Amino acid sequence: MNTEKPDIRTEEDIKRMVDAFYDLVNQDDMLSPVFNGHAHVNWETHLPIMYKFWSSILLGSSTYNGQPFPKHAFLPVEKGHFDRWMELFVKNIDDLFEGQIAEMSKARAINMARVFQLKMGLIPRGDNPFYLVEKK
């Protein structure tokens, strides 16, 4: 039996990644209420947008036009929500894929989550390992 996992290389891989991730989100006690209760996400329209978003980031397809932050700016979330989102995202990738693009997907997701948290005032700049402090 071959237990080697594929890397993320195709649009079908992106779809598999996104669908499996949002299945986890929809089953999660902390995140599901935000997506389904507060935001009332229409999954039929949201998932194709997420396919384009991740395809653009990971495969360079340039199919996504948009600004993701404004849609998230006023959600009732705290740092714990982002921690859980990142935990599920990494678990999903590790369960399905391995390779350079899989690793890049995790790094990009963690970086985006940190940027969103900074913009929302959920973490101070000093807690962000990507923030460089100017030397005096």
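This is a predicted model: local features need pLDDT of at least 70, side-chain atom pairs count only at pLDDT 80 or more; totals for chains, interfaces and linings use all residues.
The largest nonpolar core holds 34 residues. Within this core, Ile-8, Met-17, Val-18, Tyr-22, Trp-54 and Trp-85 touch the most other members. Several helices build the core. Helices α1 (11-27), α2 (32-38), α3 (43-59), α5 and α6 (100-119) each supply at least two of its residues. In soluble globular proteins, nonpolar side chains tend to be buried together.

Aromatic residues were examined next. The structure holds 11 aromatic pairs. One of them joins Phe-21 and Tyr-22, with ring centres 4.9 Å apart. The planes of these two rings stand at 70 degrees, so the pair is edge-to-face. Phe-21 has a relative accessibility of 3% and therefore counts as buried. Tyr-22 is buried as well, with a relative accessible area of 7%. A stacked pair is formed by Trp-85 and Phe-89. Their rings lie 5.4 Å apart, centre to centre, with 20 degrees between the planes. Both residues belong to helix α5. They are four residues apart, about one turn of the helix. An α-helix has 3.6 residues a turn, so residues three or four places apart point the same way. Trp-85 and Phe-89 are both buried.

These residues are part of a wider grouping. Phe-21, Tyr-22, Phe-35, Trp-43, Phe-53, Trp-54, Tyr-64, Trp-85 and Phe-89 form one aromatic cluster. Tyr-22 also has contacts beyond its sequence neighbours. Leaving aside residues within four places in sequence, Tyr-22 is in contact with Phe-35, Trp-43, His-46, Leu-47 and Met-50.

Charged side chains meet aromatic rings at two described sites. At one, the charged end of Arg-16 sits over the ring of Phe-97, 5.3 Å from the ring centre. At the other, the charged end of Lys-119 sits over the ring of Phe-69, and the distance to the ring centre is 5.0 Å.

Helix α3 was then considered on its own. Its 17 residues should span 24 Å at 1.5 Å a residue. The end C-alpha atoms are 23 Å apart, which agrees. The N-terminal end of α3 is capped by Asn-42. A side-chain oxygen of Asn-42 lies 3.0 Å from the backbone nitrogen of Glu-44. Just after α3, Gly-60 takes a positive phi of about 70 degrees.

Most residues other than glycine have a negative phi. His-40 is exposed, with a relative accessible area of 59%. Ser-62 has a positive phi of about 55 degrees. Its place is the loop between α3 and α4. At 60% relative accessibility, Ser-62 counts as exposed.

Ser-32 is found in helix α2. The relative accessible area of Ser-32 is 14%, under the 20% limit, so the residue is buried. Leaving aside neighbours within four places in sequence, Ser-32 is in contact with Val-25, Asn-26 and Gly-37. Ser-32 and Tyr-22 are 10 residues apart along the chain, and their C-alpha atoms are separated by 9.3 Å.

The second residue, His-81, has its place in helix α5 (residues 79-96). His-81 is buried, with a relative accessible area of 16%. The side chain of His-81 reaches the backbone nitrogen of Glu-78 at 2.9 Å. Not counting residues up to four places away in sequence, His-81 touches Met-30, Leu-31, Val-34 and Pro-76. Helix α5 thus holds buried His-81 along with the stacked pair of Trp-85 and Phe-89.

Methods: Residues are numbered from 1 along each chain as its sequence is written. Side-chain values use heavy atoms; hydrogens and water are left out. Buried means under 20% relative accessible area, exposed over 50%, partly exposed in between (1.4 Å probe, protein chains only). A polar contact is a pair of N or O atoms within 3.5 Å; within protein, one must be able to donate a hydrogen and the other to accept it, and residues adjacent in sequence count only if both atoms are side-chain atoms. Contact means heavy atoms within 4.5 Å. A nonpolar core is a set of buried Ala, Val, Leu, Ile, Met, Phe, Trp, Tyr and Cys residues joined through side-chain atoms within 4.5 Å. Rings of Phe, Tyr and Trp (its six-membered ring) pair if their centres lie within 6.5 Å; planes under 30 degrees apart count as stacked, over 60 as edge-to-face and the rest as tilted. A charge sits over a ring if NZ of Lys or CZ of Arg is within 6 Å of the ring centre and within 35 degrees of the ring normal. The expected span of a helix is 1.5 Å times one less than its number of residues.
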